[in-house]
Amino acid sequence: MVWKLGIDFIQREEGRPVVKTSTYTLQVQEGHLFKITLVANPSTGYQWDLSNPVDARFLSLHANHFVPPSSPARIGQEGHQVMSFQALRRGMTSISLKYCRPWDSGECGEFVFYVVTVV
């Protein structure tokens with residue numbers, strides 16, 4: 001069963017957890033760096049990573065790091081994972097991200113998909 005909530009899709013299968021999937025569009029300038037910032041909590045073991053490699057003709061992954069919450073930070077508190085990309089040439093491409101535990105072959109907690117237009 002699939003429910004559509006704006007740009008988010010929530011999927012539920014018999015006996016499986018709810019998985020949130022979001023889709024966004026981005027327009028970026030050729031040659032510029034741009035960032036995608038996502039809420040993350042590494043204390044849970046989950047982290048954001050690419051679901052599929054980016055199309056190297058249009059984008060390159062420049063950096064991927066976690067930014068802890070501002071002071072006073074508490075153990076287990078969520079922060080943000082920031083992924084920086086370089087827009088290499090004009091065209092349309094996509095970025096697919098997943099929020100998973102790297103060692104767990106089970107379900108991911110969330111998926112995010114970006115349609116990227118480089119102008």
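**Entry 1: what I am working with**

I kept in mind that this is a predicted model. I numbered residues from 1 along the chain, as the sequence is written.

**Entry 2: salt bridges**

I began with the charged side chains. Side chains of opposite charge can pair when their charged atoms come close. How many salt bridges did I find? The count came to two.

I took Arg90 and Glu30 to begin with, whose side chains meet in a salt bridge at 3.1 Å from N to O. I then asked which parts of the chain this pair links. Arg90 lies in the loop between β7 (79-87) and β8 (91-100), and Glu30 sits in the loop between β3 (19-28) and β4 (33-40). The two residues are 60 residues apart, so the pair links distant parts of the chain.

Is Arg90 buried or exposed? I noted Arg90 as exposed, because its relative accessible area of 56% is over the 50% cut-off. Glu30 has a relative accessible area of 35% and goes down as partly exposed.

My other salt bridge joins Asp55 and Arg57, with the closest N and O atoms 2.6 Å apart. Asp55 is partly exposed, at a relative accessible area of 23%.

**Entry 3: the disulfide**

Next I turned to the cysteines. A disulfide is a covalent bond between the sulfur atoms of two cysteines. I found one disulfide, and it is formed by Cys100 and Cys108. Their sulfur atoms are 1.7 Å apart, so the pair falls within the 2.5 Å cut-off.

What is the handedness of the link between Cys100 and Cys108? I wrote down right-handed, with 100 degrees about the S-S bond. I also checked burial, and both Cys100 and Cys108 are buried.

**Entry 4: aromatic rings**

I finished with the rings. A pair of aromatic rings is described by the distance of the centres and the angle of the planes. My search of the whole structure gave four aromatic pairs.

One of them is Phe34 with Phe85, at 5.6 Å centre to centre and 25 degrees between the planes. I logged this pair as stacked, because its angle is under 30 degrees. Phe34 belongs to strand β4 and Phe85 to strand β7.

Which residues form an aromatic cluster? I listed Tyr46, Trp48 and Tyr99, which form one cluster.

Methods: Predicted model: local features only at pLDDT ≥ 70, side-chain atom pairs only at ≥ 80, totals over all residues. Heavy atoms only, no water. Salt bridge = Lys/Arg side-chain N within 4 Å of Asp/Glu carboxyl O. Helix = DSSP H or I, 4+ residues; strand = E, 2+ residues; numbered from the N terminus. Buried < 20%, exposed > 50% of the residue type's maximum accessible area, 1.4 Å probe, protein only. Phe/Tyr/Trp six-rings, centres within 6.5 Å; stacked < 30°, edge-to-face > 60°.
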